[in-house]
Amino acid sequence: MTHFTAPQASALHVLKCGKVRYLISIMKNLLIVLSGPSGVGKGTIVNKLLQGGGYALSVSCTTRPPRVGEEDGKSYFFITKEKFSEMIAQDGFLEYSNHFENFYGTPKAFVEEQLKTHDVILEIEVDGALQVKKAHPEALLIMILPPSANELFARLKGRGSESDEKIAERVKRMEYEISKKLLYDYTVINDDLNTAVEEINNIIKSRKEI
């Protein structure tokens, strides 16, 4: 049997309590995953949630080039495919996927650090969300849906940034994503922005009360 001096025992007690507090701190905060088809308004909803306070946003890594107005470390971590491959080999992602010819992934260390102090929102596509749910069953998955396929097409067309061919690809992808909705904990229809945000806040509040 190992015996500890009084100072050693006291230090060990503090260390154990510190670890317990760390684990409880992470466990009491939620990992919230929001997904939905392109053009459904995920980004706008996330911005509204963040403005309300209490949430941290996970920043994903991607191999695609930045778009106008996007900032490295804020919009995404823009990295090379070589760096992305290195992070896969090092088990550095909670999830990752190949989406429209580019890689996207959620950096594990970044999320774990944010979970110490906040509920963390991940805005990721369906395949990645299901990877997260498999690894972390406690994660809360919410799918954002459009009022209709026609409405989504009109929103994508209204962006004016993509060809009809690219829009058709996204609509086809939507059919796949919606086919996975029963694997999510909740679905929310974004017909009215404020109503959708309120509904998501209520879902999160009710989960935290369990």
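Good morning. I begin with E70, which counts as partly exposed at 22% relative accessibility. On the scale used throughout, buried means under 20% relative accessible area, exposed means over 50%, and partly exposed lies in between, with a 1.4 Å probe and protein chains only.

The structure above is a predicted model: local features need pLDDT of at least 70, side-chain atom pairs count only at pLDDT 80 or more, and totals for chains, interfaces and linings use all residues. Residues are numbered from 1 along each chain as its sequence is written, and side-chain values use heavy atoms, with hydrogens and water left out.

Let me turn to the charged pairs. A salt bridge here is a side-chain nitrogen of Lys or Arg within 4 Å of a carboxyl oxygen of Asp or Glu. By that rule there are eight salt bridges. The partner of E70 is R64, and their closest N and O atoms are 2.8 Å apart. R64 is at 6% relative accessibility and therefore counts as buried.

A second pair is D91 with K108, whose side chains meet in a salt bridge at 3.0 Å, N to O. This pair links distant parts of the chain, 17 residues apart: D91 sits in the loop between α3 (81-89) and β5 (93-99), while K108 belongs to helix α4 (residues 108-115). For these labels, helices (H or I, at least four residues) and strands (E, at least two) are DSSP runs numbered from the N terminus. K108 is partly exposed, with a relative accessible area of 21%. D91 is exposed, because its relative accessible area is 52%. The backbone of D91 also deserves a note: its phi is near 55°, a positive value in a residue other than glycine.

R173 counts as buried at 19% relative accessibility, and E177 counts as buried at 3%. Through salt bridges that share partners, E125, D127, R173 and E177 are joined into one network.

E125 brings us to helix α5 (residues 126-135). E125 caps the N-terminal end of α5, with a side-chain oxygen 3.0 Å from the backbone nitrogen of D127. Which residues of α5 are buried? They are V126, G128, A129, V132 and K133. Seen down the axis of α5, the buried residues fall within an arc of 160°, so they line one face of the helix; the arc is that of the directions from the helix axis to the C-beta atoms. The face turned away from this buried side carries the exposed residues K134 and A135. The buried residues of α5 pack against β1, β5, β7 (119-123), β8 and α7, contact meaning heavy atoms within 4.5 Å.

Beyond α5, in the loop between α5 and β8, lies E138. E138 is partly exposed, with a relative accessible area of 48%. E138 and L30 are 108 residues apart in sequence, yet 8.0 Å apart in space, C-alpha to C-alpha.

Now the interior. In soluble globular proteins, nonpolar side chains tend to be buried together. A nonpolar core is a set of buried Ala, Val, Leu, Ile, Met, Phe, Trp, Tyr and Cys residues joined through side-chain atoms within 4.5 Å. The largest such core has 23 residues, of which I32, L49, I142 and I200 touch the most other members. At least two residues of this core come from each of β1 (31-35), α2 (42-51), β8 (140-145), α6 (149-159), α7 and α8 (193-208). The largest share, five residues, is supplied by α8. Apart from this core lies another, of 17 residues, among them L31, L94, A139 and L141.

What does I32 contact, leaving aside neighbours within four places in sequence? The partners of I32 are Y55, D119, V120, I121, L122, L140, I142 and I204.

Is T62 buried or exposed? At 0% relative accessibility, T62 counts as buried. Not counting residues up to four places away in sequence, T62 touches Y76, F77, F78, I79, F103 and Y104.

Thank you.

Note on methods:
Polar contact = N/O pair within 3.5 Å; in protein donor to acceptor, adjacent residues only side chain to side chain.
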